[in-house]
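Subject: Structure for you to look at

Hello,

Please find below the structure I am passing on to you. My notes follow it.

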Amino acid sequence: MELRQLRYFVTVVEEANFTRAAARLHLTQPGLSAQIRQLERELGQPLLDRSGRSITPTAAGAAVLPQARAALAAAQRISQTVDEFTGLVRGHVRVGLISGAAYDEFDVAGVLTAFHRDHPQVAISLTEDTTDRMLAAVTRGDLDIALIGLSGEPDPALGVEIVLDTRINAVVAVDDAEFGDRTTLSELRDRPLISLTRGTGIRGVLEHACAAVGFAPRIEFEAAAPALLIKLAAGGLGIAIVPDIPPAQAAAAGVRTVEITDPELRGRLGLVWHARGQLGPAAKVLLGQLRIALGRELRTAMVSQ
């Protein structure tokens, strides 16, 4: 029995599907199936029920599952202890990032570059995805650190540090005469809106706020980054819901800002990580550097406004 076989078994149970588990483990499906069958032969019991549409653990598999997870966690702690004892920073750090977050005020690429220069033996992977999917990935341990938009309170098991808290406003084409400088949220009912995709922090804030005043937002266009939303609004395709932007930037993009009131909407950008001892030494070092750098960049951006 090998630790990697236990990891394969746990992953198949979590995904309830050999194809998805193989993709997550970067293996071929036949290779994964062969490893699981070898483990079952060594233990003398089938661990997985393959008869249904979803893979489920057998009674023996359900009994083995917590022990397998405990063995994997123990192995990880042993590795971390050795790393911390020897002072080495090595391994693999997995970072998640919402689309459009790595703009000038938040130079995530610069932090990763500096970290790699200081610790070239550490592998770094970077993923762009929605807030909801990255929160789930951090919770289950598939990501070490993520920079996400927050629309509510995350799992208490996660550490959170807010690096940006800003108004969420509407922007319209610069020649749009329908709105003044302000509008209430209720006045956006039945208006064509341009928003980030479902699962993002700002979209969650918008949907929750609209539900609280009794309507669902009419989303006509979706995009993954605020810059594209602004371009669509400049073309007269609707009202974009975006984080606050400086007037000069809005004018240069061919839009103007309309403040949303009653209620005021706020968007928060935050670093999240698993707070219950699951970060390895390399991830801890990178997290510390991100917290320092993003906090400093936020203060600089606020002073310059």
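Helices (H or I, at least four residues) and strands (E, at least two) are DSSP runs, numbered from the N terminus. The model is predicted, so local features need pLDDT of at least 70 and side-chain atom pairs count only at pLDDT 80 or more, while totals for chains, interfaces and linings use all residues. Residues are numbered from 1 along each chain as its sequence is written, and side-chain values use heavy atoms, with hydrogens and water left out.

First, the lining of the largest pocket. H4 gives the most to it, with 9 residues. Other elements that each supply at least two residues include H1 (3-15), strand E3 (91-97) and helix H10 (281-304). By class, the lining has 16 nonpolar residues (Ala, Val, Leu, Ile, Met, Phe, Trp, Tyr, Cys and Pro), 14 charged (Asp, Glu, Lys and Arg) and 15 polar (the others, Gly among them).

Next, helix H1. Its expected span is 1.5 Å times one less than its number of residues; for 13 residues that should be 18 Å, and the end C-alpha atoms are 18 Å apart, which agrees. Just after H1, Ala16 takes a positive phi of about 55 degrees.

Last, a record. UniProt lists residues 1-58 as "domain: HTH lysR-type" in an unreviewed entry; such annotations may be inferred rather than shown by experiment. In the model, this span is 62% helix and 7% strand, and its end C-alpha atoms lie 19 Å apart.

Regards
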